[in-house]
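Subject: Structure handover

Hi,

Here is the structure I promised to pass on to you. Please have a look at it first, and then read on for what turned up in it.

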Amino acid sequence: MNSKIAGVGYYVPEKIVTNNDLKQYMDTTDEWIQERTGIRERRYAEKHKETATTMATEAAIKAIDNAGISKEDIDFIIFATISPDYYFPGCGVLLQRELGITKSTIGALDVRNQCSGFVYALSVADKFVKTGTYKNILVVGSEMHSMGLDYSTRGRGVSVIFGDGAGAVIVQPTEDESKGILTTHLHSDGTFAEELALINPGCHGGYHDEDKEKYGFVSPEIPGEIFVTQAMIDNHLLYPYMNGQLVFKNAIVRFKEVIMEALETAQLKPEDLDMFIPHQANLRISQYIQKTMGLSDDQVYNNIQKYGNTTAASIPIALAEACGEGKVKEGDLVCLAAFGSGFTWGSALIRW
Ligand SMILES: CC(C)(COP(=O)(O)OP(=O)(O)OC[C@H]1O[C@@H](n2cnc3c(N)ncnc32)[C@H](O)[C@@H]1OP(=O)(O)O)[C@@H](O)C(=O)NCCC(=O)NCCS
C-alpha cells in the first residue's frame with residue numbers, strides 16, 4: 001500500500017502587517033528586512049478570536065473538502081505547532097473538537113518539531129497509511145507567532161521574520177505504486193538546541209546560582225514558583241532567541257543534504273524535480289539552495305514575501321497555494337524540505 005496527499009487547504013489571517021508597519025514598535029526598515037529575508041509583509045491573527053487551533057480548523061475544512069471526504073472520515077489527526085493554544089493539552093484534541101469529530105475512536109498526535117514539524121508529521125502519517133493503520137489522516141501545521149514575539153528593538157532580529165497561518169493535507173492510501181509519497185527522511189542534532197529556542201517558561205531548572213546567567217533567574221525556594229518569574233518578564237526571557245548566522249550556515253548545508261538524500265533514494269536527480277517547496281525560512285536560504293542545486297525559478301515555490309516564516313505551517317500553506325495556482329499537477333515530482341530549531345531537518349519526495 002502506498003500513501004498519497006489527497007487534499008490540501010490553507011488559511012491565513014486577514015490582517016496584513018507590512019515591514020513599514022513594524023517601524024512603530026522597533027528600529028527597523030523595509031530595506032533591511034527585504035534585503036536580508038525577502039519578506040515584504042506577513043499576516044497576524046486576530047487576538048482573542050483566532051488561535052493556532054482556529055486557523056488550523058479553517059485549513060482542515062478546505063483540505064477535507066479538497067479531498068472529497070467528510071470530516072467523519074478522518075481517522076487520525078497529526079498537529080504540528082510551536083505556538084499552541086495551551087501548554088497542554090496539545091492542539092490535536094482542540095482541532096478534533098472544533099471540527100466536531102467527537103467520536104472517541106480516533107487519535108490525535110501533537111508534533112513539536114518547529115520548522116520541520118510538518119515534514120515530521122507527514123512522515124508519521126505516511127508510515128501509518130503504508131502499514132494499513134489509518135485511511136484518512138488529517139495533517140496540519142499551524143502557527144500564531146504574533147502573540148509571542150519581542151516587538152522592541154531588542155527583538156527585531158527575530159520578530160520581523162515570523163508570521164501567522166495554517167496549512168493542512170489529507171493523507172490516504174493508494175494502490176498506485178508509482179504515485180504518492182515516495183520517500184521521507186528525518187534528521188536531528190541537538191548540539192545547538194538553544195541557538196534557536198524559546199526556553200522559558202519551561203521545567204529546565206535554573207535551580208542553582210550558576211544557572212542565573214544562563215536562564216536569567218534562580219529558582220525560588222517554594223516549588224512551583226519557578227515556572228514564570230518576574231525576572232523572566234523583566235529580562236525579555238519569554239521570547240524566542242535565534243543565532244541567525246549559525247542557523248543560516250547550518251540550514252544551507254542540511255537542506256541540500258536532505259533533498260539529495262530523498263532524490264538518491266528514489267534514484268532521481270535535481271533536474272527531475274517539477275517543484276521544490278522549501279520551508280519558508282528565509283528567501284536568501286531558498287535562493288542559495290536553488291542556485292547550488294541548479295534549479296530554475298519554475299522549479300522552486302516561494303511565498304515568504306507575503307507571509308513571512310510561518311514555521312510548521314509554511315510548507316502546507318505553500319503546497320496548497322501552489323496547487324491552487326496550478327503549479328503542482330498530476331504526475332509532477334514534488335520535493336518538500338525543511339530545517340529549523342533543534343536542529344531538526346527532513347524531506348519528503350512525492351509523485352503527485
Ligand atoms: C536573521 C538574519 C536575517 C540576520 O541577518 P544578519 O546579517 O545575520 O544580521 P545580524 O544579526 O548580524 O545583525 C546585523 C545588524 O543588523 C541589526 N538588525 C537586526 N535585526 C534588524 C532589523 N529587523 N532591522 C534593522 N536592523 C536589524 C543588528 O542589530 C545588527 O546591527 P549592528 O551591526 O549594529 O550590531 C540572518 O542571520 C538570517 O537570515 N538567518 C537565518 C535565520 C532563519 O532563517 N531563521 C528561520 C529559522 S528556520
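Let me start with the ligand. It lies between domain 1 (2–174) and domain 2 (180–193 + 242–351), because both domains give residues to the shell around it. Please keep in mind that this is a predicted model.

The shell around the ligand holds 23 residues, and the closest of them are Thr28, Arg36, Arg156, Gly244 and Asn282. Helices H2, H6, H9 (244–265) and H10 (283–292), together with strand S12 (333–340), are the elements that each give two or more residues to this shell. By type, the shell around the ligand has twelve nonpolar residues, eight polar ones and three charged ones.

Now for the two domains themselves. Their centres, taken over C-alpha atoms, are 17 Å apart. On the domain 1 side, 46 residues take part in the contact, and on the domain 2 side, 40 residues do. The elements that give two or more residues to the face of domain 1 that touches domain 2 are strands S1 (2–11), S3 (41–44), S6 (137–143) and S7 (165–174), along with helices H2 (30–37), H5 (117–130) and H6 (156–159). That side of domain 1 is made up of 18 nonpolar, 19 polar and nine charged residues.

What about the nonpolar core? The largest one has 98 residues, and the members that touch the most others in it are Ala56, Val139 and Val140. Both domain 1 and domain 2 supply at least three residues to this core.

Finally, the overall picture. The protein contains twelve helices and 13 strands. Its radius of gyration is 20 Å, close to the 20 Å from the globule rule for 352 residues, so the protein is as compact as a globular protein of that length. Along the principal axes, the C-alpha atoms fill a box of roughly 60 × 50 × 35 Å. Among the 352 residues, 48% count as buried. Of the contacts with a separation of 6 or more, 79% are between residues 24 or more positions apart.

Best wishes

Methods:
Residues numbered from 1 in each chain as written. Predicted model: local features only at pLDDT ≥ 70, side-chain atom pairs only at ≥ 80, totals over all residues. Domains from an automatic or database assignment. Contact = placed C-beta atoms within 7 Å. Helix = DSSP H or I, 4+ residues; strand = E, 2+ residues; numbered from the N terminus. Nonpolar A, V, L, I, M, F, W, Y, C, P; charged D, E, K, R; others polar. Near = placed C-beta within 6 Å. Core = buried A, V, L, I, M, F, W, Y, C linked by C-beta atoms within 7 Å. Buried ≥ 20, exposed ≤ 12 C-beta atoms within 10 Å, placed from the backbone. Rg over C-alpha atoms; globule rule 2.2 N^0.38 Å.
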